[in-house]
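Me: Please walk me through this model. I want to learn how to read its features.

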Amino acid sequence: MKTKFENDLTSALLDMYDVRYALNNNIGADIQIKNLPKDSDGTIFTIDECLSSVIDFLEELEMSLLLKRGDT
């Protein structure tokens, strides 16, 4: 049985997948939001790169929890 933390982690990961899907499917938009800078501080990193980084981190965290529990 999953703990509240594990459920929250899964929920956060699914939310990030939904955001990525929505950003990748704004077909016909004049500006691809995912290709914009992630902040206004002159960064070279895009919203898409930031989102991918968050998803990678959450996936690694989820996998480490599964390994710790022996659920692989």
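Predicted model: local features only at pLDDT ≥ 70, side-chain atom pairs only at ≥ 80, totals over all residues.

Me: At what angle do α1 and α2 pack?

Reply: Helices are DSSP runs of H or I, at least four residues, numbered from the N terminus. Axes are lines fitted to C-alpha atoms over the stretch in contact, and angles run from 0 to 180 degrees between N-to-C directions. Here α1 and α2 (residues 47–69) pack at about 150°, with axes 10 Å apart. That makes α1 roughly antiparallel to α2 (an angle over 145 degrees).

Me: Which residues of α1 and α2 meet?

Reply: Contact means heavy atoms within 4.5 Å. From α1, the residues include F5, L9, L13, M16 and L23. From α2, they include I47, L51, I55, L58 and L65. The residues of this contact divide into 15 nonpolar, 2 polar and 6 charged. Ala, Val, Leu, Ile, Met, Phe, Trp, Tyr, Cys and Pro count as nonpolar, Asp, Glu, Lys and Arg as charged, and the others, Gly among them, as polar.

Me: Where is K2, and is K2 buried or exposed, or in between?

Reply: K2 lies in the segment before α1 (4–24). Buried means under 20% relative accessible area, exposed over 50%, partly exposed in between (1.4 Å probe, protein chains only). K2 counts as partly exposed because its relative accessibility is 38%.

Me: What does K2 touch?

Reply: Set aside residues up to four places away in sequence. K2 then touches N7, T10 and R69. The side chains of K2 and T10 make a polar contact at 2.8 Å. Such a contact is a pair of N or O atoms within 3.5 Å; within protein, one must be able to donate a hydrogen and the other to accept it, and residues adjacent in sequence count only if both atoms are side-chain atoms.

Me: What else is T10 in contact with?

Reply: T10 sits in helix α1. Leaving aside neighbours within four places in sequence, T10 contacts E62 as well as K2.

Me: Why does T46 count as buried?

Reply: T46 is in the loop between α1 and α2. Its relative accessibility is 17%, so T46 counts as buried. Beyond four places in sequence, T46 touches K34, N35, L36, P37 and K38.

Terms used: Residues numbered from 1 in each chain as written. Heavy atoms only, no water. Helix = DSSP H or I, 4+ residues; strand = E, 2+ residues; numbered from the N terminus. Parallel < 35°, antiparallel > 145°, perpendicular 65-115°, else oblique.
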